[in-house]
Amino acid sequence: MFENLSSALQKTFKDLRGYGKLTEKNVKDSMREVRMALLEADVNFKVARDFVKKVQESCMGEEVMGSITPGQLVVKRVQDELEELLGGAHKEFDLTGNPASVMMMGLHGSGKTTSSGKLALRWKKSGRRVLLVACDIRRPAAVEQLMILAGQVGCDVIGPEPGETVPMLGKRAAQHAEDSKYDVVIYDTGGRFQVDDELVQELKEFSEYTEPKNRVLVLDAAIGQESVNVAETFRDAVGLTGLILTKLDGDARGGAALSVHAVTGCPILMTGSGEKMEDLEPFYPDRMASRILGMGDVVSFVEKAQGVIDEKEALKMQEKLAKNQMDLEDFLSQIRQMRKLGPMSNLFDMMPGDAMKMDQKKKDAIATASELEMKRFESIIQSMTPWERRNPKKIDRPRRLRIAAGCGRKLADVNQLLKRFDQMGKMGKQFKKMEKRLRHLKKFTTK
């Protein structure tokens, strides 16, 4: 979503780093470029104006002007202000209370019901008992959708009874959650295609009946500045405690994410970036600012990997690689774990360094090629017999032809897989030699 903004800002900073010393004109020219980049990214014009003004004022000081690395200091000033623009410190849901209560709100199509299911899964994994409440009684199949999601994540759900109003359902569900000792209750309230008086009144009454500590608005980040207007309306009517931004994996310009906190004062709690139930992540302003500025997000990458990769299995695999004992079963396991991390393009965005500075089209091409290669390799290995997977060096030409025919691939694809696997084995030997040299060097220096 932030690709164009990120490219524009990085170009501006590259020019800044070329100056040995900054002048007032250099700073003003650069800030003009930053302002244009923000406006082109659909950032609210008042937010863009105030942002540039703050950065420019902080860059006019003697500390920056007299620095031997003025360009780097300007980038740091921009990063600090960008973090503040996105909300400053990371904010969490208030999960105190017996049970903790979360009221989910949003327009039709924002991803409110899906986000309710994603939150339920997230909290269930942390050991909490979660109750979902289907309060959207007007949208066709909304109740059925939440029940299906509840079944997928393994949580209980309550739906409306005949003739029951939404506030009455909320009150009944709150009492049931308290009596049954649930840890969290999530109310999936009704939406509209646009905010109207009837919806506002319904949400007000519902809030009075249930008194939720968390009143969360789910916003579709792809609708641009309109999402800011929607957030302001809900904030004034009900009083919001936080926001969830969905569809950050889309190709919209991203200005809503940069504007919504500054305009409404509500913290962004979570972001959704996919259709899978696991595709909901906590929002960290500092990490997002780092990604927008092309500095990567190593912390999020590590956390994502920890949530997918089994640590004991990884250590076992590392030991096998060092001893050159890996087979194609292990290789297949690695491919599947890698694919669980999500789209390669998203992983590239988390990586600092030259990978982020390459042309966007080239980066997308590499990511696409990598994903296709992993799918191809997986299908080839699945076409092998258990014996072949355990003895890759003994796979002769007739076997390779049979494997290729079995998975609908070319002989060259099978050869490429076996070549790649052989290269990985050689890499393991090199690591082992390097480890021996380091031990020898340590022993020598100790003496």
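Select helix α10 (residues 226–238) first, and you will find it lying across β1 and β5, running at about 160° to β5; helices (H or I, at least four residues) and strands (E, at least two) are DSSP runs, numbered from the N terminus, while axes are lines fitted to C-alpha atoms, for helices over the stretch in contact, with angles from 0 to 180 degrees between N-to-C directions. Keep in mind that this is a predicted model, in which local features need pLDDT of at least 70 and side-chain atom pairs count only at pLDDT 80 or more, whereas totals for chains, interfaces and linings use all residues. Residues are numbered from 1 along each chain as its sequence is written, and side-chain values use heavy atoms, with hydrogens and water left out.

Next, select the strands. Eight of them form an open sheet with mixed pairing, in the order β3-β2-β4-β1-β5-β6-β7-β8, where two strands pair if DSSP finds at least two bridges between them. At the edges you will find β3 (156–158) and β8 (280–282), each of which pairs on one side only. Neighbouring strands of this sheet are turned by 25° against each other on average, direction ignored.

Now select β7 (residues 268–272), which pairs with β8 in the antiparallel sense over three bridges. Along this pairing, Thr 271 has Glu 281 in β8 as its bridge partner, and Met 270 stands opposite Pro 282 in β8. Turning to β6, you will see that three bridges join β6 to β7 and that the two run parallel, with Leu 243 standing opposite Ile 268 in β7. Strand β7 is mostly covered, since five of its five residues are buried (under 20% relative accessible area; exposed is over 50%, partly exposed in between, with a 1.4 Å probe and protein chains only).

Finally, select Phe 331 and Phe 377, whose ring centres are 6.3 Å apart and whose planes stand at 40°, so the pair is tilted; rings of Phe, Tyr and Trp (its six-membered ring) pair if their centres lie within 6.5 Å, and planes under 30 degrees apart count as stacked, over 60 as edge-to-face and the rest as tilted. Phe 331 lies in helix α15 (residues 328–340) and Phe 377 in helix α18 (residues 360–382), so the pair ties together parts that are 46 residues apart in sequence.

Note on methods
Contact = heavy atoms within 4.5 Å.
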